[in-house]
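Biologist: I have not worked with this one before. Could you take me through it, please?

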Amino acid sequence: MHTATADSASSPEDIRHDWTREEVEALFALPFNDLLFRAHSLHRAYFDPNQVQVSTLLSIKTGACPEDCAYCPQSTRYDTGLEAEKLMEVEKVLEQAKAARAAGSTRFCMGAAWRCPKPRDMPHVVAMVKGVRELGMETCMTLGMLTNEQAEELSEAGLDYYNHNLDTSPEFYGDIITTRTYQDRLDTLDHVRNSGMKICSGGIVGMGEQQTDRAGMLQQLANLHQHPESVPINMLVRVEGTPLENEADLDPFEFIRTIAVARILMPASHVRLSAGREEMNEQMHALAYFAGANSIFYGEKLLTTPNPRANTDMALFGRLGINTESLELEQAPQDPSPRFYDATATSA
Ligand code: SF4
């Protein structure tokens, strides 16, 4: 079985880059069952619905970030009790990557709490990329904003994915971050795309935004000239000491709606369940997989916030008949057309 990656499927009516806000809002407004049916049908057309890709995320440099992202415990501006740590040694990172590989991860994501990497950091992160690649894993990094040159350097080192989230809609963005602009983020995504790396970009819901902001964020991602290959949808983790510590709960069905709309707008991309999974029960996980989520972060910590234990995920996969995507599958030659998976077929 082959999986399509972003934009590889030649189905012009599904893969669009011209969504209007009204169209995206109309998807959010569909009756829940109609929305899920539509999302799941597309999911089934582009992916094996019983397969989930698993990535592990490691914080390679923690805290003391000069940015002011209102949700983030790593910002130096908020007193969250987080202990800052310097950039990890390359050998330690590789030990963690080996452990992640042994636990079934095919992709190793490394995150550093920086505004952008400094020249002195680059040789270290390049060595990490090369080392993880030598272990036979895919690599992903999130290091803040990148220049064209830095993107090129990472791409040449073999970095497969670069994560840089848009976070929310352009309109709500200023309520969440003031130290970099929306355009700065779009520029970094451009540099990453131009360097030949794949893009991982999504956002966070439950930050006090309106539904139109969730629609706006997904519209921005879907209207990039090439869809991000990976679209993480995070649920806010309210951390004491951050400006969003007392934010109201988001209706869980609204979170599922966001997953479903992401699946419809970007049918060939992996939609990833990311931060906030600790707060989600098994039923919500199952509903998210049905709505089109087919990637998770795996492991006990997602950067600095708790994440469900790896064996809890594996136990749920077993009960749901879900297999984890192997690296061979991800790298299989691209099928030029969407595949329709029969629910009765086995997904080997
Ligand atoms: S989200 Fe990233 S850039 Fe923003 S404060 Fe946290 S570590 Fe810094």
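Biologist: Which residues does cysteine 200 touch, not counting residues up to four places away in sequence?
Modeller: This is a predicted model. In it, cysteine 200 touches Cys140, Tyr161, Tyr162, Asn163, Pro228, Glu229, Ser230 and Pro232.

Biologist: Is cysteine 200 buried or exposed?
Modeller: Cysteine 200 is buried, because it has 28 C-beta neighbours inside 10 Å and 20 or more is the cut-off for that class.

Biologist: And where is cysteine 200 found?
Modeller: Cysteine 200 is in strand S5, which covers residues 198-200.

Biologist: What does UniProt place at Cys200?
Modeller: An unreviewed UniProt entry gives the feature "binding site" at Cys200, along with Cys109, Cys140 and Arg272. These positions span 164 residues in sequence, yet no two of their C-alpha atoms are more than 13.8 Å apart, so they gather at one spot.

Biologist: Turning to cysteine 109, where is its place?
Modeller: Cysteine 109 lies in strand S2, residues 107-112. It is buried too, with 27 other C-beta atoms within 10 Å.

Biologist: Which residues is cysteine 109 in contact with, leaving aside its neighbours within four places in sequence?
Modeller: Those contacts are Ser55, Thr56, Leu57, Cys140, Thr142 and Asn163.

Biologist: A change of topic: which residues are around the ligand?
Modeller: Around the ligand are Cys65, Glu67, Cys69, Cys72, Gln74, Ser75, Ala113 and Gly144.

Biologist: How many nonpolar, polar and charged residues does that shell have?
Modeller: The shell around the ligand has 4 nonpolar residues, 3 polar and 1 charged.

Definitions and conventions: Residues are numbered from 1 along each chain as its sequence is written. This is a predicted model: local features need pLDDT of at least 70, side-chain atom pairs count only at pLDDT 80 or more; totals for chains, interfaces and linings use all residues. UniProt positions are given in the numbering used here, feature names are shortened, and annotations may be inferred rather than shown by experiment. Helices (H or I, at least four residues) and strands (E, at least two) are DSSP runs, numbered from the N terminus. A residue is buried if 20 or more other C-beta atoms lie within 10 Å of its own, exposed if 12 or fewer, and partly exposed in between; C-beta atoms are placed from the backbone. Two residues are in contact if their C-beta atoms, placed from the backbone, lie within 7 Å. A residue is near a molecule or strand if its C-beta atom, placed from the backbone, lies within 6 Å of it. Ala, Val, Leu, Ile, Met, Phe, Trp, Tyr, Cys and Pro count as nonpolar, Asp, Glu, Lys and Arg as charged, and the others, Gly among them, as polar.
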